[in-house]
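Subject: Structure for you to look at

Hello,

Here is the structure I said I would pass on. Please look through it first, then read my notes below.

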Amino acid sequence: MAVHNCTAQVAAGILSGVARSSGTELHTVAGNVLVVAERNSQSPPEALRAAITCALRKVLQ
């Protein structure tokens, strides 16, 4: 939310969309995002990274 200046509602929608499109449970997606945010040195798995990028493009257009 801080990096892309979006609301909690938009962020939740992005996480839900990523979970659906990647076939990953929502709590796993959210956990990966938190790990990356906390460590800022590790990327989420490729499938989640691609789904997050796609979701962000849709929101930021």
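A helix here is a DSSP run of H or I that is at least four residues long, and helices are numbered from the N terminus. Glu46 is found in one such run, helix α3. Please keep in mind that this is a predicted model.

The whole chain

The chain has three helices and zero strands. Followed along the sequence, the pattern reads α-α-α. There are 61 residues in the chain, and 20% of them count as buried. The accessible surface of the chain comes to about 4400 Å², and carbon and sulfur atoms hold 57% of that surface. If we take the contacts in the chain with a separation of 6 or more, 41% of them are between residues 24 or more positions apart.

Confidence

The mean pLDDT of the chain is 79, and 84% of the residues reach 70 or more. Among the elements, helix α1 (residues 8-22) has the highest mean pLDDT, 88. Helix α3 (residues 46-60) has the lowest, 75.

Helices α1 and α2

How do α1 and α2 pack, and at what angle? The angle between α1 and helix α2 (residues 26-39) is about 120°, and their axes are 9 Å apart. The crossing of α1 past α2 is right-handed. On the α1 side, the contact is made by Leu15, Ser16, Val18 and Ala19. On the α2 side, Leu26, Val29, Ala30 and Val33 make the contact. By type, the residues of this contact divide into seven nonpolar, one polar and no charged.

Is Val18 buried or exposed? Val18 lies in helix α1, and it counts as buried because its relative accessibility is 1%, where buried means under 20%. Leaving aside neighbours within four places in sequence, Val18 is in contact with Val29, Leu48, Ala51, Ile52 and Ala55. Val18 and Ala50 are 32 residues apart along the chain, and their C-alpha atoms are separated by 8.8 Å.

Gly17 also lies in helix α1. Its relative accessibility is 21%, so Gly17 counts as partly exposed; the limits for that class are the 20% below which a residue is buried and the 50% above which it is exposed. Gly17 and Cys54 are 37 residues apart in sequence, and from C-alpha to C-alpha they are 9.6 Å apart in space.

Why does Glu46 count as exposed? The reason is its relative accessibility of 51%, since exposed means over 50%. Glu46 and Ser22 are 24 residues apart in sequence and 9.9 Å apart in space, C-alpha to C-alpha.

Regards

Notes
Residues are numbered from 1 along each chain as its sequence is written. This is a predicted model: local features need pLDDT of at least 70, side-chain atom pairs count only at pLDDT 80 or more; totals for chains, interfaces and linings use all residues. Side-chain values use heavy atoms; hydrogens and water are left out. Helices (H or I, at least four residues) and strands (E, at least two) are DSSP runs, numbered from the N terminus. Buried means under 20% relative accessible area, exposed over 50%, partly exposed in between (1.4 Å probe, protein chains only). Contact means heavy atoms within 4.5 Å. Accessible areas come from the Shrake-Rupley method with a 1.4 Å probe; for residues, only the protein chains shown count as cover. pLDDT is the predictor's confidence in each residue, from 0 to 100. Axes are lines fitted to C-alpha atoms, for helices over the stretch in contact, and angles run from 0 to 180 degrees between N-to-C directions. A crossing is left-handed if the near helix is turned anticlockwise from the far one by less than a right angle, and right-handed if clockwise. Ala, Val, Leu, Ile, Met, Phe, Trp, Tyr, Cys and Pro count as nonpolar, Asp, Glu, Lys and Arg as charged, and the others, Gly among them, as polar.
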